[in-house]
Amino acid sequence: MSAVLVAAGAVGATASGLLPLPGGRNVDTLAESVSTTVTGTGVLDAGPPPAEATALSLVLVCDTTGRFAFPDGASMVCDVPGSAAGYELPLAAAADGRIRINADAGARWTLAATWVRSTTTEWARNATGDTYGVENENGAPDLIAVQATNGTFGYVHRDDLEDADGTTASKSFRSPADALAWQAEYGGRITYIPVYESDGTTVIGEFQVGG
């Protein structure tokens with residue numbers, strides 16, 4: 001593992017490489033990128049936000065190992081120098097354009113920032129009326145975008161995924177003991193569920209849950 005970005009309020013797994021998928025983000029760049037290189041805790045001044053800005057798009061490259069925390073509580077743990085992570089900081093957390101990165105003493109990093117207008121697109125709907133796309137702040141569609149074990153991008157039925165990952169079972173839990181019992185029986189189990197085209201019926205692969 002080279003770098004792990006832990007974002008506050010992150011949503012579930014989605015397919016990559018086909019963006020923008022329905023329900024994904026449309027991002028319009030509104031200003032030139034600015035960058036800085038700092039050792040330890042430091043600040044990047046991206047300037048005041050343009051009127052239409054909704055977020056500050058960030059790319060942090062760790063020049064050394066260490067932990068790097070963003071102003072809204074998200075953080076990046078880097079164990080391989082040169083690793084990078086992208087992150088979109090909401091306007092509310094970057095209103096004056098001054099981005100403070102709390103880093104381990106001696107940890108060197110480079111941060112690039114660009115003001116953007118970022119909006120969530122609508123989920124698409126197939127011929128049978130099911131919604132499909134990626135999970136976002138509004139929840140999950142009927143068909144959720146994933147990458148199959150064969151590398152193909154497609155969709156899994158939300159119900160199949162929730163049955164496999166324990167979400168369905170958790171709705172019947174009445175105590176922590178119920179959750180522990182389920183974990184003891186099913187924890188670590190690997191389940192494969194079908195991956196479909198957006199029509200929800202044409203199988204194109206399988207998706208691994210757990211393991």
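Helices (H or I, at least four residues) and strands (E, at least two) are DSSP runs that are numbered from the N terminus, and by this count the protein chain holds three helices and 16 strands. This is a predicted model, in which local features need pLDDT of at least 70 and side-chain atom pairs count only at pLDDT 80 or more, while totals for chains, interfaces and linings use all residues. Residues are numbered from 1 along each chain as its sequence is written, and side-chain values use heavy atoms, with hydrogens and water left out.

**The chain as a whole**

- The C-alpha trace of the protein chain spans about 50 × 40 × 35 Å along its principal axes.
- Of the 211 residues in the protein chain, 34% count as buried, a term that means under 20% relative accessible area with a 1.4 Å probe, protein chains only.
- Among contacts with a separation of 6 or more in the protein chain, 63% come from residues 24 or more positions apart, where contact means heavy atoms within 4.5 Å.

- Strand β9 (residues 98-103) has a covered face made of Ile-99, Ile-101 and Ala-103, and an uncovered face made of Arg-98, Arg-100 and Asn-102.
- In a regular strand the side chains alternate between the two faces of the sheet.
- Two strands pair if DSSP finds at least two bridges between them, and four bridges join β9 to the antiparallel strand β4 (residues 42-45), with Asp-45 standing opposite Arg-98 in β9.
- Strand β6 (residues 66-69) also pairs with β9 in the antiparallel sense, over two bridges, and Ala-69 has Asn-102 in β9 as its bridge partner.

Note on methods: Buried < 20%, exposed > 50% of the residue type's maximum accessible area, 1.4 Å probe, protein only.
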